[in-house]
Amino acid sequence: MEEQNTNSDVENNKGEEVTDKTSVIQSDTFKVRIAQAGEAPPCLVLLVGPVNEVGRQWAIETADCVIGRAPTSYIHVAERSLSKSHAKLVISSGEVSIMDLESTNRTAINNILISPLKPYKLKNNDQIKAGNIIFKFLERGNIETVSVAQTFNKAIIDSLTGIYNRGALNAQGIDVFNKSRVLGTPLSVIVFDIDHFKQVNDTYGHPTGDYVLKDLTRVVRESLIRGNDYFARYGGEEFCLLLLGSPIRQVEDIGERIRRTIQEHRFNFEGKNLPLTISVGISTIQEQDKSWSDIFNRADKALYAAKTGGRNRVSLMLK
């Protein structure tokens, strides 16, 4: 294995040398990517696995990063061929090694099985097979880290608002639901949409509607939610927040603060003031819930109750 990895290093160095000699004129975009890559930590990229997660990458920045199907694993992939704690990544003296944790379906590097509980140093572009899952290791400063992240983000980010889209929300919802069950921590869902948004588009045109969606997103993201809250746009004017670990009273306070702030915010587009309000629905995990969609559907019903109750209000539904 060491010989194969060393040869790979030689090939990579040759590739870098050719790049240095041929890239005489670099575009601004390429220069930006080079700068971003220089700051990129080593990472694992998912090559083969659940369709909605292929291309996802995990930065390796802590001493021990466990790979497994347990929701508490740092690199968590919901795949039955993975053991709950399948393997572990270890950083020592700036180098990254992998150790199989006596997994059921074993771990292989470049199709060579490794012995359990023994660290194996990883080289750039090594492929790691854990059960039926395949990752690729990218060393610190690899420009591919940036390009892979950009490609993956295009699949999960809403192009208008810059927050997560519906597909990403569904995947994250499953993940945080499992974590909530394992850790015994509360999981709450806030959904809200803009009251009479169709009238904004019909009266002022779609560019105005797009401005409203982007500015509302900015206000919520910059000043109303915490860094670990998951914010997504799941419909035309419909938004969702996932909050893991927050007591329900705090979640209600967040929902009310968002409602009040949007009501008071001045949406001004091309000299036109646009007074807007939102309706908010909230729910939290219950013992009988079997999936995250059970919580989401209750929150959606609460949103409907807020709208039929007069709009511009917060509604909570627990059952």
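Trainee: Where does L183 sit?

Mentor: L183 lies in helix 4, where helices (H or I, at least four residues) and strands (E, at least two) are DSSP runs numbered from the N terminus. This is a predicted model, in which local features need pLDDT of at least 70 and side-chain atom pairs count only at pLDDT 80 or more, while totals for chains, interfaces and linings use all residues. Residues are numbered from 1 along each chain as its sequence is written, and side-chain values use heavy atoms, with hydrogens and water left out.

Trainee: Why does L183 count as partly exposed?

Mentor: Because its relative accessibility is 48%, L183 counts as partly exposed; buried means under 20% relative accessible area, exposed over 50%, and partly exposed in between, with a 1.4 Å probe and protein chains only.

Trainee: And how far is the C-alpha atom of L183 from that of T72?

Mentor: Those two C-alpha atoms are separated by 8.0 Å, although L183 and T72 are 111 residues apart along the chain.

Trainee: In which sense does strand 12 pair with strand 17?

Mentor: Strand 12 (residues 187-194) pairs with strand 17 in the antiparallel sense over 7 bridges, where pairing requires that DSSP finds at least two bridges between the strands. Within this pairing, F192 has V280 of strand 17 as its bridge partner. Strand 17 also runs parallel to strand 18 (residues 314-316), joined to it by 3 bridges, and G281 has S315 in strand 18 as its bridge partner.

Trainee: What does helix 8 pack against?

Mentor: The buried residues of helix 8 pack against helix 4, strand 12, strand 14 (238-244), strand 17 and strand 18, with contact meaning heavy atoms within 4.5 Å. Among those buried residues are W292, F296 and L303.

Trainee: Last one: what is the angle between helix 5 and helix 6?

Mentor: Helix 5 (residues 197-204) and helix 6 (residues 206-223) pack at an angle of about 140°, with their axes 6 Å apart. They are therefore oblique to each other, since angles under 35 degrees count as roughly parallel, over 145 as roughly antiparallel, 65 to 115 as roughly perpendicular and the rest as oblique.

Conventions:
Axes fitted to C-alpha atoms, helices over the stretch in contact; angles between N-to-C directions.
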